[in-house]
Amino acid sequence: MIKIWSMKKNEDAAAKRKPKTSAAQIRVQKDLTELELSSTMKTHFSDPADLLNFTLTITPDEGMYKGGAFVFSVNINTNYPHEPPKVKCTQTGRQIYHPNVDLEGNVCLNILREDWKPVLNLNSVLVGLQYLFLEPNADDPLNKEAAEELRKNREQFLHNVKLSMRGGSIRGVQYDRLLVQ
Amino acid sequence: MATEVLTNGDAQAADWPDRYYHVDQILDRPGPRTDPSFMAGDGVKDFLRSQCKILVIGAGGLGCEILANLALSGFKDIHVIDMDTIDISNLNRQFLFRPKDVGKPKAIVAAEFIMNRVPGVKVTPYYGKIQDKDDDYYMQFNLVICGLDSVEARRWINATLVNLVDPENPESLKPLIDGGTEGFKGQARVILPTITSCYECSLDMLNKPTAFPICTIANTPRLPEHCIEWASVLEWPRVFQDKKLDTDDPEHIGWLYKTALARAKEFKIEGVTWSLTQGVVKNIIPAIASTNAIIAASCCNEAFKIATSSAAYLNNYFMLIGTDGVYSYTFEHEKREDCPVCGGEALDISISRDWTVDRLIEMLIEKQDIQIKKPSLSTATKQIYFQAPPQLEELTRPNLEKKVSELVEDGDHITVTASSLPFNLTLRVKYV
Ligand SMILES: [Zn+2]
């Protein structure tokens, strides 16, 4: 057998024994404790011992979704950060009028799928989600009607957003009341 | 899922003259560049053939090749772990299996085959997960070779072997040889836990599985894969709500196939098949027998060189790219200082049993050499103090007043992260 230990002797303290905290666990701790949450974002852990599953509530204070409260579930698996966290909008009736969120709560945000990289972190995901409410993107539609409206008639779209957040119905779809004030 | 030592079929334990004639050309005399510690002759042969214990993880495409190569080059005490059973689609390249073996555990069938074919070799199979085994199990081996297709399993064994290293015990350092293939591409690498770069260090080099934008899947499918992802990512949760998709369940795959096919028809897309459906949802990368053979051979040569010291071993990453001609490249992948498994820094601290968590944090902040700001602390099982998010800060704040000794046992480790630290810091706590 090769004599590895002689090489070992030249190594310093960096190579000492480590605790049994998994790599994903350390990374999640680092990501979470360094989150820069603005007053418009709030995290909630229903089981604080479980850092891998929590909800995020976004309450935009500007833009067309101002006044609403949008809840997302964030699920991180043990293969993080090789795999991105799974994010879904979990509004009770799961209904939100937004071009990039479908009626099932799926979210179209590139860094959650095709553009995810391990160097990104939870903060990037939260910032990305917040941005969706400031700048809904008509080019990546999940709710096609909403995207179409945004492209063709911005005024009508704004009206629809307000209507949906008050719990109104648009094209036969009844939306959940999401206004907090 | 029990360990089973199988009897040795027609194999005889005894060697015959010149059985290892060719291998012995290498082992009987040192060469100009062999390591000074190389014990040419009986010493090394005895170590290889009657002492060295090697673990093979995975008995699939790479694993079958690895087992055969090891057995034929003189390793005689081989263990193999695999949690899968044999599928008919494996038979084209996993040559230790026959049609009659379909449905049986890979590890057990592979072990039996090798023992019948190569006299004197003992292969001990374990049909189950690598996570079933504890440190004591992994301690018994001299070397570990991995032929896995799962990132998760590799991360686990890598972290386990890094954690196993005890500075007081040379035997605790187990060289890990990792092989992997993807179509015409592959890599073989030697990891000396805590000494060289580890698997986690190179995690960002991996090709990530292809993911399509969710809006493309939802609105503008162009490829059969888009239709399959539509069925699995969007339709399955919509139709079945919280029922989890099991990619090993043929009924689930059948539903996805039917749903994807209907979608493909609607958009006039061709190419949705059962096997493509399975391939996309299980993220199956086409496996090529000959690439497996090259990579497995390279892994086994390294195992042989490391076990015998008969030649310089790979330092530390061999990459094979056969997609555009044949290109190979060997380089030293560097250890990452901020690797959460082998990087970071460890610090021994001796504190009084009366110290509060608050005092410990103050001490960390004052330490000039680590430049830490706003540290968050945890043990492997609990949070000690988190700076954010607010809910966790509030919950852990009462701990600041508690004694460290109430929360952390003597000799335990505290993981410290902070935005000012690019890596994590490990504190080994001793009470005085
Ligand atoms: Zn590492």
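**Close-up views of a predicted two-chain model**

**View 1. B:N424 is a buried residue, at 4% relative accessibility.** Buried means under 20% relative accessible area, exposed over 50% and partly exposed in between (1.4 Å probe, protein chains only). This is a predicted model: local features need pLDDT of at least 70, side-chain atom pairs count only at pLDDT 80 or more, and totals for chains, interfaces and linings use all residues. Residues are numbered from 1 along each chain as its sequence is written, chains are lettered from A and ligands numbered from 1 in the order in which they are written, and side-chain values use heavy atoms, with hydrogens and water left out. B:N424 sits in the loop between strand 12 (413-417) and strand 13 (425-431) of chain B. Strands (E, at least two residues) and helices (H or I, at least four) are DSSP runs, numbered from the N terminus. Leaving aside residues up to four places away in sequence, B:N424 touches A:I26, B:C339, B:P340, B:G344, B:E345, B:T415, B:V416 and B:T417. Contact means heavy atoms within 4.5 Å.

**View 2. Chain B meets chain A.** In contact are 78 residues of chain B and 55 residues of chain A. The two chains bury about 5600 Å² between them, 58% of it on carbon and sulfur atoms. Buried area is the accessible area (1.4 Å probe) that two parts lose on being put together, summed over both.

**View 3. One salt bridge is counted between chain B and chain A.** The side chains of B:E229 and A:R113 form a salt bridge, at 2.5 Å from N to O. The term requires a side-chain nitrogen of Lys or Arg within 4 Å of a carboxyl oxygen of Asp or Glu.

**View 4. The rings of B:W236 and B:W255 pair edge-to-face.** Across all chains, the count is 18 aromatic pairs. Rings of Phe, Tyr and Trp (its six-membered ring) pair if their centres lie within 6.5 Å; planes under 30 degrees apart count as stacked, over 60 as edge-to-face and the rest as tilted. Here the centres are 5.4 Å apart and the planes lie at 85°. B:W236 belongs to helix 8 (residues 224-240) and B:W255 to helix 9 (residues 250-266) of chain B, 19 residues apart. B:W236 is buried, with a relative accessible area of 4%.

**View 5. B:Y329 and B:F331 are stacked.** Their ring centres are 5.3 Å apart, with 20° between the planes. B:Y329 is partly exposed at 42% relative accessible area, whereas B:F331 is buried at 18%.

**View 6. Ring pairs join A:Y65, A:F70, A:F72 and A:F133 into a cluster.**
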